[in-house]
Amino acid sequence: MRWLNQTRPVVALARDLMDEVPKGRRRFLLAVLLAMLASSSSVALLGVSAWLLSFAAMAPPVLYLQPAAVGVRAFAISRGVFRYVERIVGHDLALRMQTALRVRVYERLAATTLIGRRRGDLLTRVVADVTAIQDLVVRVVIPFVSAAVVVVGTTAMFAVFNWPTALALLVTALLAGVVLPWWTQRASLAVDLAAGPARGRLADGVREVARTSTDLVAYGADGAALERLLEVDDELRRLEARGAWIRGIATGGQLVAAGVAVGAALFFGTQALAAGSLDPRMLAVLTLTPLALHEVLGTFAQAAQTHTRARSALGRVAEVLEAEPVGTGDVVPGEGAPGLELEAATLGWPLPDGGVAVVQEGVSLAVAPGERVALVGPSGVGKTTLAATAMGLIAPLAGRVSRGGHVGYLEQDAHIFATTVAENVRIGDKDATDEAVVEALARAGLPMDPQRRIGESGTTLSGGERRRLALARLLVGRRDLIILDEPTEHLDRETADALMADVWRAFAEHPVLVITHDPDVMAQCTRVVRMDPAAVSDAPR
């Protein structure tokens, strides 16, 4: 019952995605039909070949062999053609469904924030887990449905000539195609279900090490970080090895089942031949055809494991689609008076289980036009959460937040895209003209060619240039409230002072909230607001 409860949402999701694809159900039926024809051609090829060899051993006139020879050539060619076309149709359907699912996920994430999420695990869900719909369609559903038809058809054909052989073939086919895959799935269920979350943790660890590698080496913590990462990698390796071991046993069982089918066909066929109820030419057909049929079933043990992993992966994607949004994905202009005001605000966000994560309570803060307010406090106390609340990305759990006009946010590590300088600046205003881009760069103190191409994550720029490029995004559009998040972090003193001089000059009349640990920046602010786990105090300077 629990297995069915976990499977139903995935089946419903697959049906919805198939309905989103133009003529999706027709494409699916066509793929199943082509897979069935390809498998039938394989079975027929071996059956007709066996009949041809048996008949040729009786030395008939050569013209009597021509129809069977033509059949062998036809089935040999059609097997490859049907399989090729089935791969095209099946993968086309699966990729269209994957595209539809990925768009759903992107639309869902675009309407919320990433607060409270593990970024590496989320990246795994968006990139790797979404592809599970392709595995489900191409490697599980289509092969199983088409093989079921082929097994029934082959068994019915055998029953015409010798029903004991047909019964033995059906039993061994059920053993190889149903029982052993079911056992494989149950035996490796825990392993396959744990593999997806383990990949998510590994992605989290890799992202953490990649982003903080310089600091880890500087503080001598790289060894411990790599050790934690390798522990997760070893766990994933053990899971994969356990799954492969179980799959190997099942594959061996399928080979035994194929051998039993051949032996049973030889036994019952010989008896029928001795009794005179079987054409001598059909003995080879009954004996060799099960080999081709069981070849069709050979991948079902792995397909059973793929089904579990796909179900787990799509379940993780469904969690993203069904999760309650944490705030909004876009900064909405405020309708209050110019500036920013928080009154007895409780900062935090809702949790998936219906609870809330409270970071700060009773926060009161005001930033008027022309003021520079420094927000300081230990890491993790909720400064960035306050900034997200001030921008309107997340609503306060209690209290009131008022802001006026458009908010500009200078992120601590703003992402720089691998494109031109101009396109990076237009992140701040997608409709900005070339002249506006050049002006924003000049005001940001970055006289750079707008058409210059930048490497991934701004690797071709210095730290100061990356920060000034992010500043140009604020300057290219209208901004009524400015929030700066650690604007001088990782910059040398001279570069930081020059940057802040340009910032103060550009936003002299704006209300500015600065999240910082830099004493020099604090000294240049009108007031300093200190945050700690217990309370928030507004201390005038």
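**Notes on the predicted model**

1. By class, 25 nonpolar, four polar and two charged residues make up the lining of the second largest pocket. Here Ala, Val, Leu, Ile, Met, Phe, Trp, Tyr, Cys and Pro count as nonpolar, Asp, Glu, Lys and Arg as charged, and the others, Gly among them, as polar.

2. A word on the ground rules. This is a predicted model, where local features need pLDDT of at least 70, side-chain atom pairs count only at pLDDT 80 or more, and totals for chains, interfaces and linings use all residues. Residues are numbered from 1 along each chain as its sequence is written, and side-chain values use heavy atoms, with hydrogens and water left out.

3. Back to that pocket. The second largest pocket holds about 680 Å³ of space. Its lining has 31 residues, and closest to the centre are Val 140, Val 141, Phe 144, Val 145 and His 307. Helices H1 (2–20), H2 (24–57), H5 (132–161), H6 (163–187) and H10 (300–322) each give two or more residues to the lining. H5 gives the most, with ten residues. On terms: a pocket is an open set of points on a 1 Å grid over the protein atoms alone, where a 1.4 Å probe fits, with protein on both sides within 12 Å along at least five of seven lines; lining residues have an atom within 4 Å of a point. Grid points are joined across faces, edges and corners, and the volume is the space filled by probe spheres set on the points. Helices (H or I, at least four residues) and strands (E, at least two) are DSSP runs, numbered from the N terminus.

4. The unreviewed UniProt entry lists residues 28–52, 64–82, 140–160, 166–183 and 244–270 as "transmembrane region"; positions are in the numbering used here, feature names are shortened, and annotations may be inferred rather than shown by experiment. In the model, residues 140–160 are 100% helix and 0% strand, with the end C-alpha atoms 31 Å apart. Residues 166–183 are also 100% helix and 0% strand, and there the end C-alpha atoms lie 24 Å apart.

5. What about aromatic pairs? The whole structure has three. In the pair of Phe 267 and Phe 268, the ring centres are 5.2 Å apart and the planes at 70°, so this pair is edge-to-face. (Rings of Phe, Tyr and Trp, the last by its six-membered ring, pair if their centres lie within 6.5 Å; planes under 30 degrees apart are stacked, over 60 edge-to-face, the rest tilted.) Phe 267 is partly exposed at 48% relative accessible area, and Phe 268 is partly exposed at 27%. The cut-offs are under 20% for buried, over 50% for exposed and partly exposed in between, with a 1.4 Å probe and protein chains only.

6. Two backbone spots to look at. Most residues other than glycine have a negative phi. Ala 59, however, has a positive phi of about 55°; Ala 59 is in the loop between H2 and helix H3 (62–110) and is exposed, at 63% relative accessible area. Glu 486 has a positive phi too, near 50°, and is placed in the loop between strand E6 (481–485) and helix H15 (493–506). Is Glu 486 buried or exposed? At 5% relative accessibility, Glu 486 is buried.

7. Last, Thr 385 belongs to helix H11 (residues 383–391) and counts as buried at 12% relative accessibility. Thr 385 and Trp 349 are 36 residues apart in sequence, with their C-alpha atoms 8.9 Å apart in space.
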